[in-house]
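Please look over the model below before reading on.

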Amino acid sequence: MGSAVDEQCGAACRALFDGDLDEARRVILADRSIDEFDNLIDGQVQSIFALNQPVAADLRLSLAALMINTQLERIGDIAVNIAERAPALAPHREFVSGTKLREMAEIARIMVRDSLDAFIHSDPDIARRVLDSDDVVDKLNATVFRQVVEAMQEDHEVVEPGAHALILSRHVERLADHATNIAEDVIFLVEARLVRHQDHS
């Protein structure tokens, strides 16, 4: 499921920044397979709880899998949301490239991939790297907001693409948030320590 979601994120970004509308359609159609993974994994974890009654590390693994599954499904939904913006922004790629959106999306994509690597390798150091990157994305989100609002004030012709860009920036910021949640779940799994809603510094 992680590999499928990672590919969805990459395809959605290509659709958006390269104006590839065929890729956008593929992302939207592929979302059904992500939902099927979600249902399958949820059922598997419920069976583990019902039949094996896991304790200690096994219980943490089951809980982490359940929580990460939810985050991955939401990341898949966000990839669809990004792809759905591609047609509206395809004629305005120059405007989009004049913002920090691409840089922000690239960092969020790396965060998703790193959070999955942290889970696969049970590596809390990679997870903490993801937590640090979330602050970078938040700052870029603020920069994009400022850039787009200023452009809309200066040129009313960019109000429509600007509105799409602001919504898109929010989607990318949420992508980073879900990757951060996965990283926090990995720290919980490996170190038996809850770090959600805490200062990561």
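1. In this predicted model, the buried residues of helix H1 pack against helix H2 (21-52), H3, helix H4 (93-97), H5 and helix H7 (159-191).

2. How many residues of H1 are buried? The count is 12 of its 17 residues, so H1 is mostly covered, with buried meaning under 20% relative accessible area. Cys9, Cys13, Leu16 and Phe17 are among them. The buried set also includes Asp6 and Gln8, along with Gly2, Val5, Gly10, Ala11, Ala12 and Ala15.

3. Helix H1 covers residues 2-18. From the first C-alpha to the last it reaches 24 Å, close to the 24 Å expected at 1.5 Å a residue for its 17 residues. After H1 comes Gly19, with a positive phi near 65 degrees.

4. Which phi does Ala56 have? Its phi is positive, about 50 degrees, although Ala56 is not a glycine. Ala56 belongs to helix H3, which is made up of residues 56-89. The relative accessible area of Ala56 is 55%, and Ala56 is therefore exposed, the cut-off being over 50%.

5. Ser122 is likewise not a glycine, and its phi is positive at about 50 degrees. Where does Ser122 lie? It is in the loop between helix H5 (101-120) and helix H6 (124-154).

Definitions and conventions:
Residues numbered from 1 in each chain as written. Predicted model: local features only at pLDDT ≥ 70, side-chain atom pairs only at ≥ 80, totals over all residues. Heavy atoms only, no water. Helix = DSSP H or I, 4+ residues; strand = E, 2+ residues; numbered from the N terminus. Buried < 20%, exposed > 50% of the residue type's maximum accessible area, 1.4 Å probe, protein only. Expected span 1.5 Å × (residues − 1). Contact = heavy atoms within 4.5 Å.
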